[in-house]
Amino acid sequence: MLKLLREGSCLDLKNCKRCGKLFSFHDHNVCRDCLEQDNAEFAKIRDYVRRHPGVTALELSRETGVAPVVITRFQREGRLTTEEKKVDEEK
Ligand SMILES: [Zn+2]
């Protein structure tokens, strides 16, 4: 009988990956409030990776001040590819 509690989930709402706020915003994992900061941090990361090819996620976080969880999310979203895991073998 607790099903009514999940009523809201039929809407296209999801939790912002940054602030946890529920929002409805397609094609993004963060709410509008956080999108600007998200893009700013992504730009910072992209810039650093360009200048330092092969940087690890850990180093990237340390050097840019962007939280590792954010970097991981960028990787998962396919927006960022670091070279750290790249090996010369075909799968
Ligand atoms: Zn947010």
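Start at helix H3: its buried residues pack against helix H1 (32–51) and helix H2 (57–64). The model on your screen is predicted.

**Stop 1: helix H3**

Select residues 68–76, which form H3. Which residues of H3 are buried? They are Val70, Ile71 and Phe74. Now look down the axis of H3: the buried residues fall within an arc of 100°, so they line one face of the helix. Turn to the other side of H3. Pro68, Val69 and Arg76 are exposed there.

**Stop 2: the whole chain**

Zoom out. Three helices and two strands make up the protein chain. Trace the elements from the N terminus and the order reads β-β-α-α-α. The chain has 91 residues, and 11% of them are buried. Take the contacts between residues at least 6 apart in sequence: 28% of these join residues at least 24 apart.

**Stop 3: the nonpolar core**

Select Ile45, Val55, Leu60, Val66, Val70, Ile71 and Phe74. These seven residues are the largest nonpolar core. Which helix gives the most to this core? H3 does, with three residues.

Keep Ile45 highlighted. Set aside its neighbours within four places in sequence. Ile45 is then in contact with Leu60, Thr64, Val66, Ile71, Phe74 and Leu80.

**Stop 4: where H1 meets H2**

Show H1 and H2 together. Their axes come within 10 Å and cross at roughly 115°. The crossing of H1 past H2 is right-handed. Now pick out the side from H1: Lys44, Ile45, Tyr48 and Val49. They meet Leu60, Glu63 and Thr64 in H2. How many residues of each class are in this contact? Four are nonpolar, one is polar and two are charged.

**Stop 5: Val66**

Move on to the loop between H2 and H3, where Val66 lies. Is Val66 buried or exposed? Val66 is buried, because 20 other C-beta atoms lie within 10 Å, and 20 or more is the cut-off for a buried residue.

Next, display the partners of Val66. Leaving out residues up to four places away in sequence, Val66 touches Glu41, Lys44, Ile45, Ser61 and Ile71. Then select Asp38 along with Val66. The two are 28 residues apart along the chain, and their C-alpha atoms are separated by 9.7 Å.

**Stop 6: past the end of H3**

Glu77 sits in the segment after H3. Is Glu77 buried or exposed? Glu77 counts as exposed, because it has 12 C-beta neighbours inside 10 Å, and a residue with 12 or fewer is exposed.

Glu77 and His28 are 49 residues apart along the chain, with 9.6 Å between their C-alpha atoms.

Check its backbone: Gly78 takes a positive phi of about 80°.

Methods. Residues are numbered from 1 along each chain as its sequence is written. This is a predicted model: local features need pLDDT of at least 70, side-chain atom pairs count only at pLDDT 80 or more; totals for chains, interfaces and linings use all residues. Helices (H or I, at least four residues) and strands (E, at least two) are DSSP runs, numbered from the N terminus. Two residues are in contact if their C-beta atoms, placed from the backbone, lie within 7 Å. The arc is that of the directions from the helix axis to the C-beta atoms. A nonpolar core is a set of buried Ala, Val, Leu, Ile, Met, Phe, Trp, Tyr and Cys residues joined through C-beta atoms within 7 Å. Axes are lines fitted to C-alpha atoms, for helices over the stretch in contact, and angles run from 0 to 180 degrees between N-to-C directions. A crossing is left-handed if the near helix is turned anticlockwise from the far one by less than a right angle, and right-handed if clockwise. Ala, Val, Leu, Ile, Met, Phe, Trp, Tyr, Cys and Pro count as nonpolar, Asp, Glu, Lys and Arg as charged, and the others, Gly among them, as polar.
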